[in-house]
Amino acid sequence: MSPPQLMSGGDEDEIDVLYRTALDDGHEGIMIKDPPRSPPYTPGVRGKFWVKIKPAVDTIDLVVTGAEWGEGKRAHIFGSFLLSCLGEDGSFIPLSKVATGFSDEALQEMYAALSGLVISEEGKQVHVEPQIVVEVGYAEVQKSPSYAGGFALRFPRFIRLRDDKSPDEIESLRMIEERFTAQSAR
């Protein structure tokens with residue numbers, strides 16, 4: 001991976017070349033900011049004098065099979081969620097956790113929906129009946145030894161609840177493998 005480039009000014013074509021080069025080098029995107037007025041970039045902190053430019057994300061429908069109690073302002077509700085895809089035998093195979101993209105209202109809604117579905121708790125981990133389907137955005141599918149299916153989502157982000165879908169309508173592990181193969185070919 002090449003180090004980030006600094007650029008002063010630049011026209012649209014120059015910026016497009018820099019953007020495509022950053023993506024080809026494996027970066028998430030580029031940052032454009034107004035240096036005289038902008039404080040230094042701090043990951044995870046929003047700023048009004050800079051903007052991230054990165055590709056649109058793909059989305060996927062998965063079922064919630066677990067949760068973890070939150071910390072800080074999320075201490076009284078679930079703060080992250082374990083998402084699973086559908087196995088060929090109808091089982092649910094863990095694929096990713098998601099903790100970003102939630103408004104305070106969406107977190108409350110998720111907590112309310114999952115509270116009655118709790119199967120067991122082990123410390124901060126909560127196992128729930130697989131009934132709640134969510135749409136999640138992600139940057140790419142990557143191989144992962146951390147999850148039973150061998151894949152994980154990179155930069156997963158909650159998009160919305162899918163109360164119009166049932167757990168048997170979610171993405172299958174075979175579909176996840178096909179997504180991985182297709183993106184690897186690009």
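Which strand does β3 pair with in the antiparallel sense, and over how many bridges? The partner is β8, and the pairing of β3 (residues 58-69) with this strand runs over six bridges. Below are some notes on this predicted model, starting from the overall layout and coming back to that pair of strands.

1. **Overall layout.** The protein has three helices and eleven strands. Read from the N terminus, the order of elements is α-β-β-β-β-β-α-β-β-β-β-β-β-α. Of the contacts with a separation of 6 or more, 57% are between residues 24 or more positions apart. Buried residues make up 33% of the 186 residues.

2. **Strand β8.** Six of the six residues of β8 (residues 133-138) are buried, so the strand is largely enclosed by the rest of the structure. The cover is on both faces: V133, E135 and G137 are buried on one side, and V134, V136 and Y138 are buried on the other.

3. **The neighbours of β8.** In the pairing with β3, which is antiparallel, V136 of β8 is the bridge partner of I60. β8 also pairs with β11 (residues 157-161), again in the antiparallel sense, over four bridges. Here R160 of β11 is the bridge partner of E135.

4. In soluble globular proteins, nonpolar side chains tend to be buried together. The largest nonpolar core in this model has 31 residues, and V64, F81, M110 and L114 touch the most other members. At least two residues of this core come from each of β3, β4, β5, α2, β7 (125-128), β8, β10 (151-154) and α3 (173-185).

5. L173 belongs to helix α3. With a relative accessible area of 17%, L173 is buried, because the cut-off for that class is under 20%. Leaving aside residues up to four places away in sequence, L173 touches C85, L86, I93, G149 and F151. L173 and F92 are 81 residues apart in sequence, yet their C-alpha atoms are 9.2 Å apart in space.

6. **Salt bridges across the chain.** Side chains of opposite charge can pair when their charged atoms come close. The whole structure holds ten salt bridges. One of them joins E68 and K97, with 3.6 Å between the closest N and O atoms. This pair links distant parts of the chain, as E68 is in β3 and K97 is in β5 (residues 92-98), 29 residues apart. Both ends are partly exposed: E68 has 21% relative accessibility, and K97 has 38%.

7. **D104 and K73.** The side chains of these two residues also meet in a salt bridge, at 3.5 Å from N to O. D104 lies in helix α2 (residues 104-115) and K73 in the loop between β3 and β4 (78-86), so the pair ties together parts that are 31 residues apart in sequence. D104 is partly exposed at 46% relative accessibility, whereas K73 is exposed at 63%.

8. E171 and R179 form a salt bridge with an N to O distance of 2.7 Å. Is E171 buried or exposed? E171 counts as buried, at 12% relative accessibility, while R179 is partly exposed at 24%. Elsewhere, D61, R162, D164 and K165 are linked in a network of salt bridges.

9. Finally, have a look at I32, V51 and I53, which make a nonpolar surface patch of about 200 Å². V51 sits in strand β2 (residues 50-53) and is partly exposed, with a relative accessible area of 44%.

How values were computed
Residues are numbered from 1 along each chain as its sequence is written. This is a predicted model: local features need pLDDT of at least 70, side-chain atom pairs count only at pLDDT 80 or more; totals for chains, interfaces and linings use all residues. Side-chain values use heavy atoms; hydrogens and water are left out. Buried means under 20% relative accessible area, exposed over 50%, partly exposed in between (1.4 Å probe, protein chains only). Two strands pair if DSSP finds at least two bridges between them. A salt bridge is a side-chain nitrogen of Lys or Arg within 4 Å of a carboxyl oxygen of Asp or Glu. Contact means heavy atoms within 4.5 Å. A nonpolar core is a set of buried Ala, Val, Leu, Ile, Met, Phe, Trp, Tyr and Cys residues joined through side-chain atoms within 4.5 Å. Patches are made of residues with over 30% relative accessible area and no salt bridge: like charges are joined within 9 Å, nonpolar side chains (Val, Leu, Ile, Met, Phe, Trp, Tyr) within 5 Å. Accessible areas come from the Shrake-Rupley method with a 1.4 Å probe; for residues, only the protein chains shown count as cover.
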